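This report walks through a structure made of protein chains, with a few local details and a look at how the chains meet. Please keep the sequence and the model at hand while reading.

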Amino acid sequence: MSAVGVLALQGGVAEHISILEQLGCDVKEIRTPDELESISALILPGGESTTLISLLNRWELTSPLRSMGEDGFPIFGTCAGAVLLSKEIDEKEHEVSQNSLGLADVKAVRNYFGRQTCSFLKSIKVTGLAEPFPGVFIRAPLLLPLSDTVEVLSSVEDGPVFLRQDNLWLSSFHPELTTDCRIHRLFLESQGILKGSG
Amino acid sequence: MKNSRKEGSWEAKKGLAQMLKGGVIMDVVTPEHALIAQEAGAVAVMALERVPSDIRIQGGVARMSDPDMIRGIQEQVNIPVMAKCRIGHFVEAQILEAMQIDYIDESEVLTPADEKYHVNKHDFSVPFVCGATNLGEALRRIGEGAAMIRTKGEAGTGNVVEAVRHARAVLGAIRKLRVTPVEELMTIAKEMGAPYDLVKYVHENGCLPVVNFAAGGLATPADAALMMQLGLDGVFVGSGIFKSGNPEKRARAIVEAVSRFDSPEVLAEVSRNLGEAMVGINISTIPDEERLANRGW
């Protein structure tokens with residue numbers, strides 16, 4: 001099995017690595033286009049989306065990642081990572097989204113729930129998981145589907161927070177900030193990277 | 001449904017700092033600075049009226065910034081906005097929380113309001129970052145509820161030597177504690193003046209229970225990368241950016257250096273042609289009573 005990549009320019013990188021290692025994956029940190037060779041899937045961690053967009057461009061990762069995503073390569077973005085995957089960001093920020101990856105038919109509304117004092121924990125129901133998942137929402141975006149091919153895997157009362165469009169997975173919460181591996185397992189199993197545990 | 005949400009929890013407070021890792025937090029005094037910082041790739045800005053080097057020169061009592069000034073910065077940027085309160089000044093902290101600031105820095109850069117006690121940070125739903133010069137101090141602050149730690153360094157000097165001293169003190173003590181036999185932990189907790197459960201956590205995990213940033217005197221991309229290679233999670237840059245010859249360029253270079261801190265080729269490239277760095281101060285020329293790192297207990 002080839003390694004699962006984690007974009008390691010900024011943000012909650014170590015947390016994703018720890019969960020992937022618990023699942024028995026080999027993990028590779030990605031900072032340059034060369035490092036994208038020989039990985040089977042990629043995680044875009046949470047962090048600051050404006051910082052990540054600027055660093056992806058600076059280190060020439062934007063276009064190789066766009067091509068990979070368009071060719072069906074599995075990519076999972078959490079929080080800021082989900083913002084990077086979204087075709088539209090907020091209302092008027094076309095410039096931002098043009099420089100971003102913009103792969104999934106999703107509109108991300110950044111900081112939808114408010115500033116840090118409004119960050120929250122909430123137990124959420126997720127399609128494909130028998131038991132609820134502990135959702136950690138930190139200055140989280142709301143993720144609005146823009147096409148019928150986007151599947152909503154979880155919602156809170158304000159709207160969708162976990163989406164899937166074929167090879168692209170987007171969560172507005174942080175599964176990496178828990179010790180619960182089920183969301184990562186779900187993603188990797190659906191892409192044929194981890195074998196189902198039955 | 002709404003009441004099934006838990007706001008202001010420890011996970012959310014600590015979690016925001018985890019999302020700032022590998023990033024640069026920049027001091028800004030105007031909305032224009034804040035925009036420059038955001039465009040350069042800052043993960044957050046620290047809104048304040050005077051950068052530490054000006055506080056050092058102008059003297060007087062340094063207090064929390066005017067709420068209007070902070071509001072102007074909050075309206076300008078999408079990234080998190082932090083602000084400073086004085087050590088022990090829990091009412092300044094209440095005001096900052098009411099303004100929905102994203103992180104409060106209970107900071108030695110401002111004039112302390114209490115010579116004995118820090119703010120009880122557990123009382124707040126907004127997370128706090130605090131400075132530390134050694135492991136005992138870091139664990140006392142975490143015991144009081146700090147969700148993020150930074151080195152104190154010596155703010156406003158453009159001299160990284162104190163930040164290095166504090167980083168080595170904290171990280172060295174963590175390494176030592178990792179291999180200390182369990183029966184010695186209580187005595188170490190007593191000697192450090194740190195809560196026993198936190199000493200035990202460090203012994204078991206080999207790290208602080210919260211994110212640990214560098215701050216105080218960083219002025220160049222190389223300074224920032226040095227702190228990252230020493231093992232810290234990210235950096236604060238105060239006077240170093242907007243007191244330099246070309247703030248936009250230097251800010252961007254420091255962000256790039258932190259994202260690729262272990263690549264000397266990249267560091268060589270981003271360090272080129274940045275214009276004048278801020279003029280530094282030798283720490284030995286600062287009298288003891290003017291050293292900011294001595295504030296806090």
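Contact here means heavy atoms within 4.5 Å. By that rule A:Ser38 touches A:Ser2, A:Ala3 and A:Lys28, not counting residues up to four places away in sequence. The model is predicted, with local features needing pLDDT of at least 70 and side-chain atom pairs counting only at pLDDT 80 or more, whereas totals for chains, interfaces and linings use all residues. Residues are numbered from 1 along each chain as its sequence is written, and side-chain values use heavy atoms, leaving out hydrogens and water.

A:Ser38 is exposed, with a relative accessible area of 54% (exposed is over 50%, buried under 20%, partly exposed in between, with a 1.4 Å probe and protein chains only). A:Gly5, 33 residues from A:Ser38 in sequence, lies 9.1 Å from A:Ser38 in space, C-alpha to C-alpha.

## Cysteines

Over all chains, a search finds zero disulfides, a disulfide being a pair of cysteine sulfur atoms within 2.5 Å. For A:Cys79, the nearest cysteine sulfur, that of A:Cys118, is 14 Å away, and A:Cys79 is buried at a relative accessible area of 7%. B:Cys130, buried at 1%, has its sulfur 7.9 Å from that of B:Cys85, the closest cysteine sulfur, which is too far for a bond.

## Where the chains meet

The contact draws 38 residues from chain A and 41 residues from chain B. Between chain A and chain B there are six salt bridges, each a side-chain nitrogen of Lys or Arg within 4 Å of a carboxyl oxygen of Asp or Glu. A:Glu15 forms a salt bridge with B:Lys21, with the closest N and O atoms 2.7 Å apart.

Notes
Chains are lettered from A and ligands numbered from 1 in the order in which they are written.
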